[in-house]
Amino acid sequence: MGLKANEVGEIGIIRRIAQILGSKYLGDDCAVLDNGVDYLVVTTDMLHRTTDFPREMSGEDIGWMSVAVSLSDVAAMGARPIGVVAAMGIPGETEMSFIEGIARGMRDCARAYGTEVVGGDTDQHAELTIVTSAMGRVDKDKVKLRSGAKVGDLLCVTGYLGTPAAAYKVLIEGREAPEEDKRVLIDGFFRPKPRIEEGVRLSKYPEVTAMMDVSDGLGKSVYELSSSSHVGFLVDADRLPVREEAKKLAKDRGELLDMAICFGGEFELLFTMSPTGLDKVKDVEYTVIGKVVPEGLTLNDRGARRPITCRGYEHLRKKRDTVH
C-alpha cells in the first residue's frame, strides 16, 4: 500500500503538488504575477468548522477570520489588497441569521483594511467550509519573498506570539483567568488583525530581505523561511514577545514557549532584516527575536540550546509537535 495523506502531512503534500504543477510562482505566501506595471499577488485559504472555528465563535467572528487569513498573506508580500472573493460550503440546517453574520464579518474585515469582498460562491456541504482568495498589488522593486534571508540578518516579528494558544486554553481547556484577560486573549484569537500597513511600510526598505506571516506558528514559519532561503535561524527564547495575559496563564516556562512557538493562529509578520535596518525602520513596531545563521533551527533558552522541532499546526498530521 502507498503512503497516506496523514503520513506525508500538509507541507509534504504541497511540495508534491508543486512538483507536479511545475509553477515558478508556488512557495510564497502568495503567487506573484507580472501585471506589466507592477505585481499582482494572489492567495487562497480554506477553513473548516472542525479544525478552524471553535464553537464559541459567532458568525461575525468566523467571517472576519476567514478574510483576515488571506489578507495576512497579502500583507506578507508587502502588497496592498484590491479585492477578496469567498466561497462557502454550508450545511443545510444552518440558521440564516448565522450565515448573514458570516457575511457581515467578511464585509467588516475587508473594509477595515481598505478593500471589499467582490464575489464568490455557495453550495451545500456536510461541514461549514469557507474558502477565501485575496488579491493585492505591489511595486516590482518592493515585493517581499521568503527566499531573501542572508546569514547575519536579524529575525524580527511584529506584535505578539502565543495569544491564540492562551485563548485556546481558556476556551477549550477551561483554564482560569481574570475576565479582562480572557477578553483580550479571545479577541486576539477570534478577531486577528492582518498587518497590511506594516507590510506595506516594510516593503519600502531594501534592508528587509525576506518576509512571511506566522499564522501557522513560529516553528513552522522559521522552517519555511529556512527552506526557502537555504539558511538557519537562532531564536532567543527570552526575546519572544508574549502578552502579559498569556504569560500569566502558562503553567511553566516550557508551556509558555510551546504557546509562543508551536501553536499558531497569530497573523503577525515574521521578517529578516540587515542590521543596518535597525536605524532606518522606525515606522513599524517589531521585536528582534534572533538572527540568521548558516544552518539549523535552534532555540537559545537562557544559554541552553536545542533544536526547534515543532512545526505549528499542520493539517493531515496525526500529532501536534511541542517544543519540549
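**Working chat: one chain, residue by residue**

Reader: S72, buried or exposed?

Author: S72 is buried, at a relative accessible area of 0%. Buried means under 20% relative accessible area, exposed over 50%, and partly exposed in between, for a 1.4 Å probe and protein chains only. This is a predicted model, its residues are numbered from 1 along each chain as the sequence is written, and side-chain values use heavy atoms, with hydrogens and water left out. Local features need pLDDT of at least 70, side-chain atom pairs count only at pLDDT 80 or more, and totals for chains, interfaces and linings use all residues.

Reader: Which element holds S72?

Author: Helix α3. Helices (H or I, at least four residues) and strands (E, at least two) are DSSP runs numbered from the N terminus.

Reader: And what is S72 in contact with?

Author: Leaving out neighbours within four places in sequence, S72 contacts P194, D213, F267 and L269, where contact means heavy atoms within 4.5 Å. S215 is 143 residues away from S72 along the chain, and the two C-alpha atoms are separated by 8.2 Å.

Reader: Back to α3. What is its angle with α4?

Author: About 40 degrees, with the axes of α3 (residues 59-76) and α4 (residues 96-112) 6 Å apart. Axes are lines fitted to C-alpha atoms, for helices over the stretch in contact, and angles run from 0 to 180 degrees between N-to-C directions. The two helices, α3 and α4, are therefore oblique to each other; under 35 degrees counts as roughly parallel, over 145 as roughly antiparallel, 65 to 115 as roughly perpendicular and the rest as oblique.

Reader: Which residues make the contact?

Author: From α3 they are G59, E60, I62, G63, W64, S66, V67, A68 and L71. From α4 they are F98, G101, I102, R104, G105, M106, D108, C109, A110 and A112. Sorted by class, the contact of α3 with α4 has 11 nonpolar, 5 polar and 3 charged residues. Nonpolar covers Ala, Val, Leu, Ile, Met, Phe, Trp, Tyr, Cys and Pro, charged covers Asp, Glu, Lys and Arg, and the others, Gly among them, are polar.

Reader: How do the axes of α1 and α8 cross?

Author: At roughly 30 degrees, with the axes of α1 (residues 5-21) and α8 (residues 218-229) coming within 13 Å. That makes α1 roughly parallel to α8. Their crossing is right-handed. E10, I11 and R15 of α1 meet K220, Y223, E224 and S227 of α8. By class, the contact of α1 with α8 holds 2 nonpolar, 1 polar and 4 charged residues.

Reader: How many residues of α5 are buried?

Author: In α5 (residues 163-171), 7 of the 9 are buried, and the helix is mostly covered. Those buried are T163, P164, A165, A166, A167, K169 and V170. They pack against α6 (179-190), α9 (244-249) and α10 (253-261).

Reader: Switching to strands. Where is M211 found?

Author: In strand β7 (residues 208-213). M211 counts as buried, at 0% relative accessibility. From M211 to S147 the C-alpha distance is 8.4 Å, across 64 residues in sequence.

Reader: And which residues does D121 touch?

Author: A86, A87 and M88, not counting residues up to four places away in sequence. D121 sits in strand β4 (residues 117-124). Its C-alpha atom and that of V131, 10 residues along the chain, are separated by 9.4 Å.

Reader: Which phi does H230 have?

Author: A positive one of about 60 degrees, although H230 is not a glycine. Most residues other than glycine have a negative phi. H230 is in the loop between α8 and β8 (232-236) and is exposed, with a relative accessible area of 69%. R302, also not a glycine, has a positive phi of about 55 degrees. R302 is in the loop between β11 (297-301) and β12 (304-307) and is exposed at 61%.

Reader: Whole chain, then. How many helices and strands?

Author: There are 10 helices and 12 strands. The radius of gyration is 19 Å, close to the 20 Å of the globule rule for 324 residues, so the chain is as compact as a globular protein of that length. That radius is taken over C-alpha atoms, and the rule is 2.2 Å times the number of residues to the power 0.38. The C-alpha trace spans about 55 × 55 × 50 Å along its principal axes.

Reader: What share of the residues counts as buried?

Author: 52% of the 324. As for contacts between residues at least 6 apart in sequence, 82% join residues at least 24 apart.

Conventions: A crossing is left-handed if the near helix is turned anticlockwise from the far one by less than a right angle, and right-handed if clockwise.
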